[in-house]
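Have the model open beside you as you read.

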Amino acid sequence: MVLNWIWIAFFAIAFLMAIGRTIFTGDFGVWNDIMNSSFSQAAFAFEISLGLTGVLTLWLGIMKIGERGGVIEFFGRLISPFFSRLFPGIPKGHPAMGAIFMNISANMLGLDNAATPMGLRAMQEMQSLNKEKDTATDAMIMFLVLNSSGLCLIPISIMMYRAQGGASNPTDIFIPILIATAIATVVGLLALCIKQRIKIDRVLLSWLAGIGAVVAGVVWLLSRLPAKEMEMYSTFAANVILFSVIIAFIGAGVRKRINVYDTFIEGAKEGFKTAVMIIPYLVAILVAIGMFRASGALDVFTGWVESGVGALGLDTRWVGALPTMLMKPLSGSGSCAMMLDVMKENGADAFVSRVAAAVRGSTDTTFYILAVYFGSVGVMKTRYAAGYALLADLTGAVAAVIVAYFFFR
C-alpha cells in the first residue's frame, strides 16, 4: 500500500510541478522534458531487464546445481541458528535459508551481478511457503530491508569511480562507507525485529557481535594496505571467492552424480522467465522516477533544504550531496550520475564529493529492489516493506554525512 501511494505521488508531484513552471515561469518545454523522460526511462527499464537476462540465466543455472548438489542446504544449516530467529516463518533446512545467505554474502562482497539472481532465488523459495501469493510475508520484508540497507564490506565500484575522477586517495572513503552501511543495516534489522516481535536473545546478539567483529577486522586489515593495493586485493578476493563458489557448486553436483549440464540448463530457463517477469515492474517505477526528476521537483527540494540549513546557521557544504542522497533509493544509475556530477563540478577530493560517495555507498537502491524482487514473484501488497526500507536509507544517509564530517571535516 505504501509503495502504491509513493508511486502515485511521483506522478502527481511531477504534474503539479510542470503546471507551476508553466504558469509562473512560462516554461512550456518542461512538458516535453517529462514525456521524453517517460519514454527514455521505459526503454532504460527494458535495457536493464535485458542486461539482467544473461546474468540471471547464468546464476540461477549455477544456483540450481548448488541446490541439487546440496550446497544450498548446507549453507542453510550453517547459518540456521541466526537466520531461524530473523526468519521464523521459514522452516529450518529450507532452501530459502541457503539462498538468503548466498545473496547477503554476495552483497557484502560488492558482487551485485551475483547477488541479484541469488536474491531472486531466495524470493522464489519464500514464495513457495507463502499462503497469500499476492501479499509479502514477514520473511520477505526482513530480507528486502536487509538488502536495501546494503551492508557492503568492499565498495569496489565507488573506489573505482573516485580513481577515475582523479582522487589522490580513491580508497579513503572505504571506512566511512563501511561504518555508514553497518549502522543502516543494524537500525533496519532492529526496527524490523521490534515490528515483527522477534525476540532479541543471546544467540541473535552473539551473531550480530560476530558480524561486527568481521566488519572491524576488514577495516583493520584493509586500512593497513596502501591505497592501490587495497583496491587490487579487494577485487582479487571478491573474484576468487565468486569463482570458488561456482567450482564448489559444480563439484558438489559431480559428487552427487547429477547431470550438471542439464541441471544448469533447467535453472537457466527459470532465470530467463524471471527476467521477463520483472519488466513491467521496472517500467512502472523507473518511469515514475524519471518524470519526477524531469519536472524539476528534485532541484526545488534541494534548494529549500539548503536555504533552511543556512538559515539555521549550520554548515551547508554537505547539501551539494543531497541530490545523490535523494536519488539513491530511487535509482542506482541516477544516484551514481549525481555523485559523478558532484565530483566533476567540485573535484574528487572536495569534501562534498566525499560526502556524495559515502552516501552513494551507505545503502542500496530501495525502490529498484522492491520492484525487482516483489515483481519476480508477483507480490502486489508489499505491506510495510517500503517504510522500513526507507528508514534504513535515511539512517545510512545521515550516518554517511556525520561520518564524513568526522573523517574529512
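Arg 383 counts as partly exposed because its relative accessibility is 33% (buried is under 20% relative accessible area, exposed over 50%, partly exposed in between, with a 1.4 Å probe and protein chains only). This is a predicted model, in which local features need pLDDT of at least 70, side-chain atom pairs count only at pLDDT 80 or more, and totals for chains, interfaces and linings use all residues. Residues are numbered from 1 along each chain as its sequence is written, and side-chain values use heavy atoms, leaving out hydrogens and water.

**Loop residues**
- Arg 383 sits in the loop between α18 (366–376) and α19 (helices are DSSP runs of H or I, at least four residues, numbered from the N terminus).
- Although not a glycine, Arg 383 has a positive phi of about 55 degrees.
- Arg 197, in the loop between α9 and α10 (202–223), also is not a glycine and has a positive phi of about 55 degrees.
- With 79% relative accessibility, Arg 197 counts as exposed.

**Helix pair**
- Helix α9 (residues 174–195) packs with helix α19 (residues 385–408) at an angle of about 150 degrees, the axes being 8 Å apart (axes are lines fitted to C-alpha atoms over the stretch in contact, and angles run from 0 to 180 degrees between N-to-C directions).
- That angle makes α9 roughly antiparallel to α19 (over 145 degrees).
- Residues in the contact (heavy atoms within 4.5 Å) include Ile 179, Ile 183 and Val 187 of α9, and Leu 391, Ala 399 and Phe 407 of α19.

Conventions. Helices (H or I, at least four residues) and strands (E, at least two) are DSSP runs, numbered from the N terminus. Angles under 35 degrees count as roughly parallel, over 145 as roughly antiparallel, 65 to 115 as roughly perpendicular and the rest as oblique.
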